[in-house]
Amino acid sequence: MGDVLQVDNKKQLLKQYYAAQRMDSPNGGYLMLLGIRSGEDGNAVGIFECSSSSLRYELVIPKATRTERKKVRDVIGAGDDPDCPRHGPSARLIRVGRNLVCTDCGVAYART
Ligand SMILES: [Zn+2]
């Protein structure tokens, strides 16, 4: 396995990722998700492989913002099951240890 490269257009790729749209690769083709790692600092890192070059890229998925945490807390407070603030109703948050995590983001949005 070679080096993992950085992408330049992070904002656009994140948008496509959250919307479950095809993500364009910098080399043509598109980026296929290989896996998500959750980091110690709350950020997660997605590892992608380019469909045409097989180069690997990483994309940092930023940790939950204060606004996102509040939104999730409010849903829990109302007695409902929270969805991922970025992925929407298709992604339920699941309990991992003491955290509520979106498995697609690898990001924790609440603590219980
Ligand atoms: Zn998510």
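**Notebook: strand pairing, domains and core**

I looked up G46 and found that its bridge partner in strand 5 is L59. The model I am reading is a predicted one.

**Entry 1: strands 4 and 5.** I recorded the pairing of strand 4 with strand 5 as antiparallel, over six bridges. Their hairpin has five residues between the strands, and there I noted that S54 takes a positive phi near 65 degrees. I then asked which residues of strand 4 lie on its covered face. They are A44, G46, F48 and C50, while V45, I47 and E49 make up the uncovered face.

**Entry 2: strands 3 and 4.** I found seven bridges between strand 3 and strand 4, again read as an antiparallel pairing. E49, listed above on the uncovered face, is the bridge partner of M32. The hairpin of these two strands has five residues between them, and G42 takes a positive phi near 100 degrees in it.

Entry 3: I traced five strands in an open sheet with the order 1-5-4-3-2 and mixed pairing. I identified strand 1 (4-6) and strand 2 (23-24) as the edge strands, each pairing on one side only. Strand 1 runs parallel to strand 5 (residues 56-61), with three bridges between them. I noted E58 of strand 5 as the bridge partner of Q6. Helix 1 (residues 10-18) lies across strand 2, strand 4 (44-50) and strand 5, and I recorded its angle to strand 5 as about 80 degrees.

**Entry 4: domains.** I took the domain assignment, which gives domain 1 (4-61) and domain 2 (66-111). Their centres, taken over C-alpha atoms, are 22 Å apart. Seven residues from domain 1 and six residues from domain 2 take part in the contact. I asked which element gives the most to the side of domain 1 that touches domain 2. It is strand 3 (residues 30-38), with three residues. By class, I listed four nonpolar, two polar and one charged residues on that side of domain 1.

**Entry 5: the core.** I examined the largest nonpolar core, which has 22 residues; L93, L100, C102, V107 and Y109 have the most contacts inside it. Helix 1, strand 4, strand 5, strand 9 (99-102) and strand 10 (107-111) each give two or more residues to this core. Strand 10 gives the most, with four residues. Finally, I listed the contacts of L93 beyond four places in sequence: V72, P82, D83, C84, L100, V101, C102 and Y109.

Key: Residues are numbered from 1 along each chain as its sequence is written. This is a predicted model: local features need pLDDT of at least 70, side-chain atom pairs count only at pLDDT 80 or more; totals for chains, interfaces and linings use all residues. Domain bounds come from an automatic or database domain assignment. Two residues are in contact if their C-beta atoms, placed from the backbone, lie within 7 Å. Ala, Val, Leu, Ile, Met, Phe, Trp, Tyr, Cys and Pro count as nonpolar, Asp, Glu, Lys and Arg as charged, and the others, Gly among them, as polar. Two strands pair if DSSP finds at least two bridges between them. Axes are lines fitted to C-alpha atoms, for helices over the stretch in contact, and angles run from 0 to 180 degrees between N-to-C directions. A nonpolar core is a set of buried Ala, Val, Leu, Ile, Met, Phe, Trp, Tyr and Cys residues joined through C-beta atoms within 7 Å. A residue is buried if 20 or more other C-beta atoms lie within 10 Å of its own, exposed if 12 or fewer, and partly exposed in between; C-beta atoms are placed from the backbone.
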